[in-house]
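Dear colleague,

Please find below the structure I promised to hand over, followed by an account of what was found in it. I would be grateful if you could read the account with the structure open beside it.

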Amino acid sequence: MDDMAKYALGLCRDAKYAEVRLEQSEEDSFFLKNGNPELGGFYRQSGIGVRLLINGSLGFASTNNLDKAHVKKVVQNTIKIAKAGSRLMKNPIEFSKEKTYKKRFIIKMKKDPRDVSPAEKLKLLSGIDSNLLKTKVKVPVRHFYFEHEIRKKLFLNTEGTKITSQIPRMSFYWFITVKENNDARQKYFQYDSTKGMGAFKKWKVSEGIIDCAKKLKENILKGKKVKPGIYNIICGPNVTGIASHESVGHPYEADRILGRESAQAGESFVTRNMVGDQIGSEIVNVVDDPTLEGTSGYYLYDDEGVKTRKRYLIKNGKINEFLHNRETAAVMGLQSNGSARAETFANEPIVRMANTFTEPGDWTEDEIIADTKEGIFMKSFQEWNIDDKRFNQKYVGSEAYYVKNGRILYPLFAPVLEITTPKFWAAVDAIGKNVELRAATCGKGEPGQGIPVTTGGPTIRLKNIKIR
Amino acid sequence: MDKNKFLKTLMSELQKKGAGDIALELRNDTKSQIKFSNNEIAATKIWQHEYVAIMFELNKRIITSYMEEFSRKDIISFVKKAMSFAKAMEPNKKYHGLAEGPFKYKKHERTHDKKVSKIGDKSIDIVEAAMNAAFSEGAKRCNGVFEFAESEETLLTSNNVETKDKGTGLYLSFRSHVEKNASGYSNQVCRILSELKPEKSGIESAKIAVAAKDPQKIKAGKYNLIMGPYPFGDFLENVGYSARISAIESGHSFFRDKLGKKVASKEVTVYDDGTYPGGLETSKFDAEGVPKQKTLLIDKGKLKTYLHNTSTAKRYNTKTTANAGLLYPTNTNLILKKGKVSKKKIFDGFTGLHITNLWYTRFQNYLKGNFSTIPRDGIFLYKNGKLMHPVKDIRISDNMLRIFSNIVESTKEQSQHSGWEVTGPIVSGSVKIKNVNITRSTG
């Protein structure tokens with residue numbers, strides 16, 4: 001790998017800056033649909049991504065053909081087009097000055113999924129399926145998808161940074177449809193870990209999916225519609241997590257704030273001069289922390305070779321900092337906080353989240369419920385979306401309950417929380433201790449890049465929210 | 001190793017080890033992108049990837065994989081791994097085989113243009129022309145991507161298919177901004193360079209952005225909508241996806257148990273057409289080598305068929321619709337049959353909202369079709385055919401079957417689209433829909 005990376009970097013000698021990312025990945029996947037083993041797949045991929053700054057213009061080239069003559073041709077074409085683009089650059093692109101590193105970063109697993117045979121993995125999926133079928137819940141649609149990968153990366157840049165990394169990931173995804181009385185409810189869930197096969201047991205997939213199926217059945221049989229009005233909304237960790245990701249993480253991505261993602265993933269209601277503004281109640285702290293071992297968003301050096309760190313996006317209710325790569329940091333006169341990520345060698349690194357969550361407070365979940373005179377406990381959601389400036393968001397409850405005088409009374413059918421971002425975070429008056437992180441895949445960029453992340457937080461309560 | 005020889009050697013080695021059905025698809029894709037933001041070039045990008053996508057069956061065990069190195073040594077090591085992987089799998093009892101060739105193929109028009117691969121650094125001029133046109137209409141800030149691509153595909157199957165095709169594609173995604181809350185979007189796709197009109201995108205997006213200045217909030221409630229071709233494409237795409245038999249089986253479709261039934265108003269006729277002239281998904285054959293075809297999906301509101309490959313068709317005692325992906329049926333070009341009204345006349349006497357773009361469509365329940373989506377860029381309120389004012393901060397929260405049943409008319413002018421919000425490709429005109437539920441944030 002070293003020789004090819006050095007060769008490719010050498011092709012960029014006329015550039016002000018250049019970096020090379022060389023990758024090799026191995027991925028195996030298995031799909032069980034309604035009890036039937038639909039397919040197994042294995043994929044071995046390698047390739048190179050070269051990014052360079054020349055005449056104030058940014059060029060990127062990628063190929064999976066590692067023949068030197070071919071790499072040379074692709075890089076030369078990229079230099080030619082990037083130079084042509086420089087005539088439209090009134091503000092030449094610059095990168096922030098960062099420390100250089102020579103590091104080897106390898107995540108070791110106790111039990112490597114590659115050492116478990118495909119038959120055993122399928123048996124795991126079949127076991128979950130048969131456990132689910134043993135319940136008295138009718139689940140006509142059952143999707144189980146399991147995959148694992150090992151990605152080896154070599155990063156080199158013209159400033160002398162060299163990072164070698166090896167990151168394993170293992171994911172499990174399920175989707176079910178529960179039917180009763182000619183009605184149906186649906187739910188999906190995703191698990192992800194960098195810790196190897198041991199994580200599978202800890203996920204307790206069977207318990208989780210059976211519990212979900214029972215709750216969906218109960219929701220069909222006993223769920224009532226919400227009477228429109230003003231309620232206290234108790235958001236379970238699942239809902240707090242998606243709100244942290246969508247309405248704090250995304251709008252704090254500096255490339256959105258600067259308009260670079262305008263044509264695709266959108267911009268932000270947040271402007272660069274809003275740091276220090278009160279955006280939530282004083283008890284709200286939201287962070288993005290890539291350094292949490294074992295999580296799907298775990299990394300120590302980003303795809304620009306910058307050492308990453310925990311970022312406080314909201315501190316004591318105030319906007320604290322944005323997510324930066326080297327380009328956005330230079331524009332704002334700052335240092336990168338290590339937020340540049342690329343899905344594979346074939347994508348340019350752009351500003352991304354990792355593990356985004358609301359930090360814990362002092363309450364237990366039971367205390368929050370007991371303290372609520374009238375409210376809606378939205379434990380999980382199914383449908384959600386948010387506008388392209390991250391200002392208007394919507395979450396539709398999947399497992400949800402009506403709370404009266406401190407007690408959960410009955411399930412609610414699809415309560416809708418449709419609210420602006422400032423209103424959501426300003427309304428928080430109680431935060432639980434029970435932080436949970438949930439695996440997710442975050443999409444951004446064009447072509448779209450799906451990046452493994454977690455979204456999370458504890459149970460929180462929003463005071464006096466209008467629900468329809 | 002010569003690529004054709006490579007495919008045949010790989011086929012032969014897999015067969016020697018007992019593989020039954022085999023499909024090998026060699027692809028060579030080259031794509032370039034000019035990404036621009038804030039009136040400058042944000043990045044120029046080039047991708048060049050060559051690989052063989054592989055599907056084979058060993059005693060009903062289905063394996064997918066790909067290779068990107070092309071020596072005999074690579075074949076030997078791949079086949080060894082593939083066989084050990086396949087033997088450890090369980091049989092897929094629902095698999096019923098690949099299509100039996102050989103087939104005769106028609107050449108389709110406007111699918112390849114040798115000028116596309118020679119665009120090179122002239123791509124910057126194309127972007128500049130679009131931006132200058134936008135500025136001339138009042139745009140202050142331009143953002144987007146321009147892409148040009150060429151691909152070659154060779155398909156070899158164990159069932160007497162050996163064929164090739166090639167194609168080119170062009171994509172211009174253009175957003176103009178006038179001020180913080182005033183933007184307009186234009187989307188252009190085609191396969192022939194002479195069909196690309198960069199200035200049109202600049203002008204179209206800028207005009208929407210200028211008209212979108214000073215948007216106002218409106219009350220939630222029921223509104224009639226006129227949706228432009230691109231945002232309606234989002235709904236059309238959901239129709240196409242829901243018609244795939246794999247979506248029906250997976251519980252991801254509002255067309256489950258609806259075959260032969262009314263699923264839309266009589267104004268709605270939809271085709272999945274892999275032969276559409278100039279369509280981005282137009283090509284000679286599907287992933288198992290069956291010649292692509294035009295399939296009537298919805299006829300005057302009635303659902304006529306699901307989309308199949310050979311295996312799923314056998315399972316349901318019907319014929320393939322030539323929609324095979326490597327494993328599951330997939331869509332080609334989704335076409336809404338032309339309406340009768342002109343794009344000017346459709347606004348005559350119209351009271352409701354004109355939607356120019358959408359994003360972030362999500363379902364609460366795929367089987368029922370309950371969903372919401374968010375209008376993006378210019379949104380305009382009309383009363384009795386007169387433009388009243390631009391609108392902001394609304395959401396469409398409704399049901400897909402109800403939406404299609406409430407379609408009143410569509411325009412005779414149509415355009416093809418594909419992009420960030422609508423993968424497509426789709427071909428549609430503007431579409432009028434009555435009584436659509438509009439919601440907004442309650443706080």
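Two residues are taken to be in contact if their C-beta atoms, placed from the backbone, lie within 7 Å. Please bear in mind throughout that this is a predicted model.

The interface between the chains

By that criterion, 66 residues of chain A are in contact with 64 residues of chain B. On the side of chain A that touches chain B, the largest share comes from strand β2 (residues 36–54) of chain A, which supplies 9 residues. That side of chain A comprises 26 nonpolar, 25 polar and 15 charged residues.

The two chains also share strand pairing. Strand β3 (residues 57–63) of chain A pairs with strand β2 (residues 40–58) of chain B in the parallel sense, over 5 bridges. Within β2(B), Ile46(B) is the residue that stands opposite Ala61(A).

A sheet in chain A

Chain A contains an open sheet of 6 strands with mixed pairing, in the order β11-β10-β9-β14-β23-β22. Its edges are formed by β11 (318–319) and β22 (436–444) of chain A; each has a single partner strand, so one side of each is left without a neighbour in the sheet. Helix α6 (residues 237–249) of chain A packs on this sheet and touches β9 (286–288), β10 (311–315), β14 (355–358), β22 and β23 of chain A. The direction of α6 makes about 125° with that of β23(A).

β22(A) pairs with strand β23 (residues 449–457) of chain A in the antiparallel sense, over 9 bridges, and Glu436(A) has Gly457(A) in β23(A) as its bridge partner. β23(A) in turn runs parallel to β14(A), with 3 bridges joining them; here Thr454(A) in β23(A) stands opposite Asn355(A). On to β9(A): this strand and β14(A) pair in the antiparallel sense over 3 bridges, with Thr358(A) in β14(A) as the bridge partner of Val286(A).

How do the residues of β14(A) point? Asn355(A) and Phe357(A) point one way from the strand, while Thr356(A) and Thr358(A) point the other way. All of these residues are buried.

Helix packing in chain A

The axes of helix α3 (residues 118–133) of chain A and helix α5 (residues 205–222) of chain A come within 10 Å and cross at roughly 35°. The crossing of α3(A) and α5(A) is right-handed. From α3(A), Ile128(A), Asn131(A) and Leu132(A) meet Val205(A), Ser206(A), Ile209(A), Ile210(A) and Ala213(A) of α5(A). This contact consists of 6 nonpolar and 2 polar residues, with no charged residues.

Helix packing in chain B

In chain B, the axes of helix α1 (residues 3–16) and helix α2 (residues 72–87) come within 10 Å and cross at roughly 30°. Angles under 35 degrees count as roughly parallel, and α1(B) and α2(B) are therefore roughly parallel to each other. Their crossing is right-handed. Thr9(B), Leu10(B), Glu13(B) and Leu14(B) of α1(B) make the contact with Arg72(B), Ile75(B) and Val79(B) of α2(B). By class, the contact of α1(B) with α2(B) has 4 nonpolar residues, 1 polar residue and 2 charged residues.

Yours sincerely

How values were computed
Residues numbered from 1 in each chain as written. Chains lettered and ligands numbered in written order. Predicted model: local features only at pLDDT ≥ 70, side-chain atom pairs only at ≥ 80, totals over all residues. Helix = DSSP H or I, 4+ residues; strand = E, 2+ residues; numbered from the N terminus. Nonpolar A, V, L, I, M, F, W, Y, C, P; charged D, E, K, R; others polar. Pairing = 2+ DSSP bridges. Axes fitted to C-alpha atoms, helices over the stretch in contact; angles between N-to-C directions. Parallel < 35°, antiparallel > 145°, perpendicular 65-115°, else oblique. Left-handed = near helix turned anticlockwise from the far one by under 90°. Buried ≥ 20, exposed ≤ 12 C-beta atoms within 10 Å, placed from the backbone.
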